[in-house]
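Could you walk me through a structure and show me how to read its features one by one? I would like the general idea each time, and then the case at hand.

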Amino acid sequence: PNQLNTYTGFSRSHNLWIDSESGYAFIEHQYPDNIHIADVSNGDSPEYAGTFGTQGNNCHDIFTRDNLAYVSEGYSNRYGIYDISDINNIVLLATIPVVGYAHNAWLNDSGTHLITTEETTGITVKVWDITDLNNINLVSEYLGENNLAHNVHVKDNQLFISHYTTGIKIVDLYNPEKPV
């Protein structure tokens, strides 16, 4: 197999997300280019596409779907929801403040609820109703027995939660208000 061209538009990153629908890679970076955006739709010729600039400060993780970006803003202790329909004009739509380190966020399958982890001992995995971005509500919480969730991903209304010492927990989110 041949190696494709390497994208060299940044020097260091902790995390990235590739949105297969848009063909963009959203790359966690550092101030003042907090989230670097590369067009990877042509894998043989990746190109610079844009930046969040100073928005998404302290980005630790990013997830996108349907022209919205869900940014876990780490030490800023918040999750930002951004309109990315125009990569050259990214707009902050809402924030969700939290107590812990805003580590990771993922949508449920229908896009009505955002599930977040704060990678902070004793802080729960939270399920937020985001159907109205002007009125975001916490509807439920879950915490495994080691009291420290790392990341969460969602597939088929199941939460896949990684933990440091208890491995992976699979939690049913059929009813977002009552995770089992």
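Predicted model: local features only at pLDDT ≥ 70, side-chain atom pairs only at ≥ 80, totals over all residues.

Q: Let us start with the rings. How many aromatic pairs does a search of the whole structure find?
A: Searching the whole structure gives eight aromatic pairs. To read one, look at the distance between ring centres and the angle between planes, where over 60 degrees counts as edge-to-face. Take tryptophan 17 and tryptophan 106: the ring centres are 5.3 Å apart and the planes stand at 90 degrees, so this pair is edge-to-face.

Q: Where in the chain do tryptophan 17 and tryptophan 106 sit?
A: Tryptophan 17 belongs to strand β1 (residues 16-19) and tryptophan 106 to strand β9 (residues 104-107).

Q: Is tryptophan 106 buried or exposed?
A: Compare its relative accessibility with the cut-off: buried means under 20%. Tryptophan 106 has 13% relative accessibility, so it counts as buried.

Q: What is the geometry of the pair formed by phenylalanine 52 and tyrosine 82?
A: That aromatic pair is edge-to-face as well, with 5.4 Å centre to centre and 75 degrees between the planes. Phenylalanine 52 lies in the loop between β4 (47-51) and β5 (61-65), while tyrosine 82 is in strand β7 (residues 78-83), 30 residues apart. Both phenylalanine 52 and tyrosine 82 are buried.

Q: Which residues form an aromatic cluster?
A: Trp17, Phe63, Tyr70 and Trp106 come together in one aromatic cluster.

Q: Now the sheet. What is the order of the strands in the open sheet of four?
A: For a sheet, read the strand order and then the sense of pairing. Here the order is β1-β2-β3-β4, and the pairing is antiparallel. β1 and β4 each have a single partner strand, so they stand at the edges with one side left without a neighbour in the sheet. On average, neighbouring strands of this sheet are turned by 25 degrees against each other, direction ignored.

Q: How many bridges join strand β3 and β4?
A: Strand β3 (residues 33-39) pairs with β4 over four bridges, in the antiparallel sense. Within these strands, alanine 38 stands opposite tyrosine 48 in β4.

Q: On to pockets. What is the volume of the largest pocket?
A: Rolling a probe the size of a water molecule over the atoms shows where empty space is left. In this structure, the largest pocket has a volume of about 290 Å³. It is lined by 13 residues, and the closest to its centre are His14, Glu28, His29, Gln30 and Cys59. Strand β2 (residues 24-30) gives the most to this lining, with three residues. By class, the lining has four nonpolar, seven polar and two charged residues.

Q: Which residues are closest to the centre of the second largest pocket?
A: They are Asp19, Glu21, Thr64, Arg65 and Asp66, out of 17 lining residues. The volume of this second largest pocket is about 250 Å³. The elements giving two or more residues to its lining are β1, β2 and β5. The lining divides into eight nonpolar, five polar and four charged residues.

Q: Finally, where is aspartate 132 found?
A: Aspartate 132 is in the loop between β11 (125-129) and β12 (137-142). At 37% relative accessibility, aspartate 132 counts as partly exposed. From aspartate 132 to alanine 149 there are 17 residues in sequence and 27 Å in space, C-alpha to C-alpha.

How values were computed. Residues numbered from 1 in each chain as written. Heavy atoms only, no water. Phe/Tyr/Trp six-rings, centres within 6.5 Å; stacked < 30°, edge-to-face > 60°. Buried < 20%, exposed > 50% of the residue type's maximum accessible area, 1.4 Å probe, protein only. Pairing = 2+ DSSP bridges. Axes fitted to C-alpha atoms, helices over the stretch in contact; angles between N-to-C directions. 1 Å grid on protein atoms, 1.4 Å probe; cavity = no way out; pocket = protein on both sides within 12 Å on 5 of 7 lines; lining within 4 Å. Points joined across faces, edges and corners; volume = space filled by probe spheres on them. Nonpolar A, V, L, I, M, F, W, Y, C, P; charged D, E, K, R; others polar.
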